[in-house]
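Hello,

Here is the structure I promised to pass on to you. Please have a look first, and then read my notes below.

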Amino acid sequence: MKKFLIILFSFIVASCVEEEQFQDTPQGNFDACWKILNEKYCFFSFKDIDWNDIYYKYKPQVSSNIKKDSLFNILNNMLKELKDGHVNIYSPFNVGRYWDWFENYPENFNEDIQKNYIGTNYKIASGMKYIMLPDSIGYIYYSSFSSSISNLGLDYILAYFANTKGIIFDVRNNTGGALTNVEAIASRFTNNKYLSGYISHKTGSGHNDFSELYPFYVNPSERIHYNKPVAVLTNRHTFSAANNFVGVIKILPQVTTIGDITGGGSGLPFSSELPNGWSIRFSASPIYDNEKKQTEFGISPDIKVDMTKKDMENGIDTIIETAIDFILSR
């Protein structure tokens, strides 16, 4: 993780180099937006996108007297061509986003049905809801990797589940947050240091100008560990740092992922500003799994299962039930 932070710092320093100045005009803002992505976005080759063609597709739509909301829509539509949930444009009146990455998939999570399993008397520590299910199975729901993790909190949770048959670790509808929390959790499920993935960063303005792949590792925590079966529940709305967590944790032999393919979002996001003050966020540094494979489009589960209509009508979470059956069978 230290090497990862050094690489991150190097990218930030490189990004502070003075950039070409554009006029605060509709055409100037369009050209600035296109050029920032052209030089810094990291997935052009992987997604086989011709960014020059995109320029000539949208530039004719921009006139000198175009209204702000119309310009915003043009820029947003251009950015949507990247098909990236980490790409956004921010203005005082709207936030542009690409949501097709999850909208065309089943939700596979229902908070009301989840209450049938955890009720309202669950415990909370380190941003996690946790409770003992029947048959001595632990259940943890972590809704956001932005929620702070504490060693003491993880100690309490894992000590509480010490005598269970297994743990269900649910990260459905978790859209990411801090990568440091990924390592903090994963370190509690391993007794050995292991290679968890790779990262690279842009070294120039060309679409293929990248550094070598730098490995990063998970080191076992010196505190409480859990080595019994773990079922990690995923759906398409498991995104960004949560997607990275699934890639890191599923390497472990006692971990099985259950549910739907994750949402992807493996590019480390950064932001730049347009001449008019609007900001754009984009994927800048690609993160790979331990086999040097991209997970930008998601990670397939070990056991694919969707919540069925019949189960939902009866207040049953098909994915949780599958996880329970799996742990009991182990």
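Lys 129 stands opposite Tyr 141 in β5. Those two residues sit in a pair of antiparallel strands, β4 (residues 128–133) and β5 (residues 137–142), joined by six bridges. (Helices, H or I with at least four residues, and strands, E with at least two, are DSSP runs numbered from the N terminus; two strands pair if DSSP finds at least two bridges between them.)

Before going on, a word on the source: this is a predicted model, in which local features need pLDDT of at least 70 and side-chain atom pairs count only at pLDDT 80 or more, while totals for chains, interfaces and linings use all residues. Residues are numbered from 1 along each chain as its sequence is written, and side-chain values use heavy atoms, with hydrogens and water left out.

Back to Tyr 141: its bridge partner in β6 is Asp 170. Here β5 and β6 pair in the parallel sense, over five bridges.

Strand β6 (residues 166–170) has five of its five residues buried, so it is largely enclosed by the rest of the structure. (Buried means under 20% relative accessible area, exposed over 50%, partly exposed in between, with a 1.4 Å probe and protein chains only.) Gly 166, Ile 168 and Asp 170 cover one side, with Ile 167 and Phe 169 on the other, and all are buried.

Leaving aside neighbours within four places in sequence, Ile 157 is in contact (heavy atoms within 4.5 Å) with Ala 125, Met 128, Tyr 130 and Ile 140.

Finally, the helix pair. Helix α9 (residues 179–186) and helix α10 (residues 241–249) pack at an angle of about 30 degrees, with their axes 9 Å apart. That makes α9 roughly parallel to α10 (angles under 35 degrees count as roughly parallel, over 145 as roughly antiparallel, 65 to 115 as roughly perpendicular and the rest as oblique; axes are lines fitted to C-alpha atoms, for helices over the stretch in contact, and angles run from 0 to 180 degrees between N-to-C directions). In α9, Leu 179, Val 182, Ile 185 and Ala 186 meet Ala 241, Asn 244, Phe 245, Val 248 and Ile 249 of α10.

Best wishes
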